[in-house]
Amino acid sequence: MSLEQKRILVTPIPGPTSTKMQERRKEVIAAGVGTLLPIFIDEAHGAIMKDVDGNQLIDMGSGIGVVTIGHTNQRVVEAVQNQVAKLTHTLFTVAPYEPYVRVGELLVKHAPGNFKKKAAFFNSGAEAVENAVKIARKATGRTEIAVFDHAYHGRTNLTMSMNFKMHPYGTGFGPLAGSVHHAPMSYPFRDSEGMTGEEAATRAITYLEKRVGATQLAAVFIEPIQGEGGFIVPAPGFLRTLGSWCRANGIVMVADEVQSGIARTGKWFACEWEEGFEPDLITVAKGIAGGMPLSGVVGRAEIMDASHAGGLGGTFGGSPTATAAGVAVLEQLEEGGWLERALEIEALLYSRLNDLKSSHPVIGDVRGKGAMVAIELVEPGTKKPNPPAVEALVKHCHENGVLILNAGTYNNVIRFLPPLAITDELLTDALDVLAAGLAKLA
Ligand SMILES: *Cc1c(COP(=O)(O)O)cnc(C)c1O
């Protein structure tokens, strides 16, 4: 599998074949499953996606942080092809197979924390988060769960109750699950000037102590860098202070690294950027298996082992093909180079985006880590969110063959999470397209 790593436009976006497929899709696919960019992708490799009209787009989203290792990574493809011809299903809880254990060994080895760890595997990020809730409740004998403003944890009943934004994730889909409490987040761009991470953590802790009570809480869930919320990086000290409070009160600290984990930010896990912060459990999914559906919970053995046999699992969770792909991804990360690449991408994105920020006051903030960087757009001279500018920029980029994603509680963030396999040339080309879009806005 290969594709020239080059942006090529041969028709308008969307092209005629995509437009026809979109008509078919509207006939049979439910309206609730929306689409950001209605072009149909036929094949992809590295950081290029080729649509059914022959257009080649630069992928600056990795299918929302999934193909971190690049589209159709050769070793992932081979691992899946070999596995699919050998064994596709037994159900691990009926009769086990080796790749499930191997991916567990790799995850346990590279997850932070100087203590014995264990893992369990599922299909989706939401399922990992739900299982982390179950595991924490069983281990503590408590029921209550804390989450943060701007958080995103999934689309199942429990996880949509853990999201900050009601629309579109929860509107009309209630009743939501109880025993979930939303605490204030550290949001440096929007918090009062100079608020430290410790102060923001104290604000959240005080709220939770009053509203819930530390002794009632089974777990605190936090994305070390918030994904859908707009790549919000909490102020230094926030995670550490929160973690110490959890430890002192017997609360399970869960880092939801479904989007930020697996080399995305230049470390195996984003929580490693905060010194002195050691979550008890980590949830992973998106980037772990190069596009195959695999998620997991990894963390302290005594917490993971508190659930009784038969309490965790699921028919397809950690399937032979998905875990074989996971092994191929984690082994390549282990061989090295990827974390460094994420930091090179960060340097390139930061230098270019900060330049653009100084000439375009519509960019209020540039933030993020590694290949997880975002710009927050505002009305120039204010911090007032500017969603129309995001809409116009996203449209401009899409029409010019660059797939970028929006995000943010206020719909005013553009996030960049390219595959780590992207070349400097492609990244520069994508940023040139973005720059032209900004010039057009101004
Ligand atoms: C995407 C995401 C989820 C949900 O993952 P799914 O695989 O879509 O269920 C959960 N948490 C975070 C932080 C995410 O980014």
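Start with helix α4, residues 98-110. It has 13 residues and reaches 19 Å from first C-alpha to last, close to the 18 Å expected at 1.5 Å a residue. Expected span here is 1.5 Å times one less than the number of residues. Helices are DSSP runs of H or I, at least four residues; strands are runs of E, at least two; both are numbered from the N terminus.

A word on the source. This is a predicted model: local features need pLDDT of at least 70, side-chain atom pairs count only at pLDDT 80 or more, and totals for chains, interfaces and linings use all residues. Residues are numbered from 1 along each chain as its sequence is written, and side-chain values use heavy atoms, without hydrogens and water.

Which residues of α4 are buried? Pro99, Tyr100, Val103, Gly104, Leu106, Leu107 and His110. They sit on the same side of α4 because they cover an arc of only 165 degrees around the axis. That arc is taken over directions from the helix axis to the C-beta atoms. Glu98 and Lys109 are exposed, on the face turned away from the buried side. Buried means under 20% relative accessible area, exposed over 50%, partly exposed in between (1.4 Å probe, protein chains only).

What covers the buried residues of α4? The cover includes α3 (74-86), β4 (117-122), β9 (281-284), β10 (295-300) and α10 (320-335).

Now α3. Its buried residues are Val76, Ala79, Val80 and Gln83. They cover an arc of only 95 degrees, which puts them on the same side of α3. They pack against α4 and α10, with contact meaning heavy atoms within 4.5 Å. Gln74, Gln81, Asn82 and Ala85 are exposed on the face turned away.
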